[in-house]
Amino acid sequence: EPEKPAEDNPVRELLQIDPLELEVGYALIPLIDSSQGGDVLERITLLRRQAALELGILIPPIRVRDDIHLSPNEYVIKLRGAEIGRAEVMPRFLLALDTGTVTRVVEGIETRDPSFGMPARWIAATRRPEAEAAGYVVVEPGTVVATHLMELLKAHAADLLGRQDVQEMVETLRKSHPALVEEVVPAKVSLGTLHRVLQRLLRERVPIRDLVSILEALGDAADTTK
């Protein structure tokens, strides 16, 4: 993601917390540095689009930086400055996932997949054909990081949806469905209530893309109950 220009006001800059951050140890820099063949930034861009389609919310840009305080192979994912995920990947190896179809064990370093907790092994790239023949699903370390990030975004989608985001969603909908918005927000349902409803849906992993149906249901329900 392109870096934002620094604000003139240093205090404002200090108080500006990036909603989402990915911090990596120095051994993982090749995974995020495109000049070294790293594709994690490209994957993150695709993930943000995928999340927008799946969840119906706009994922804020994700700030990626290296952190000398982390172990070389470690990465940390933060939401508004608070850690929500941490794991280690081996940059020059591949992760062989045991999804339950493995017929024989392949030589490698035993671990668990950070996204779903599946048993897995870090294997040398040369063992890929052998691992796939044995029933493992083999993925690149960059994919491991990106998938973990995506799963955490889904789990924390409700916390990513701010009041301002809801306001913008309503204003966008007003252009295509002015009568519906006029009837429901804020006449029957306040912006705050709509925000809480959308957050609750996201917590239950219900996409909020279809805002028209959600507003229609809220409008009907508001006639009978608060």
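Student: What counts as a cavity, and what counts as a pocket?
Tutor: On a 1 Å grid over the protein atoms alone, a cavity is a set of points where a 1.4 Å probe fits but cannot get out, while a pocket is an open set with protein on both sides within 12 Å along at least five of seven lines. Lining residues have an atom within 4 Å of a point.
Tutor: This is a predicted model, in which local features need pLDDT of at least 70 and side-chain atom pairs count only at pLDDT 80 or more, but totals for chains, interfaces and linings use all residues. Residues are numbered from 1 along each chain as its sequence is written, and side-chain values use heavy atoms, without hydrogens or water.
Student: Which residues line the largest cavity?
Tutor: Its lining is made up of Leu-22, Val-24, Leu-28, Leu-31, Ile-32, Val-40, Tyr-75 and Val-145, with at least two residues each from the strand β1 (20–24) and the helix α2 (29–32). Helices (H or I, at least four residues) and strands (E, at least two) are DSSP runs, numbered from the N terminus.
Student: Switching to the largest pocket, what is its volume?
Tutor: The largest pocket comes to about 490 Å³, and among its 20 lining residues Gly-56, Ile-57, Leu-58, Asp-165 and Met-169 lie nearest the centre.
Student: And which helix gives the most to that lining?
Tutor: That is α7, with five residues.

Technical notes. Grid points are joined across faces, edges and corners, and a volume is the space filled by probe spheres set on the points.
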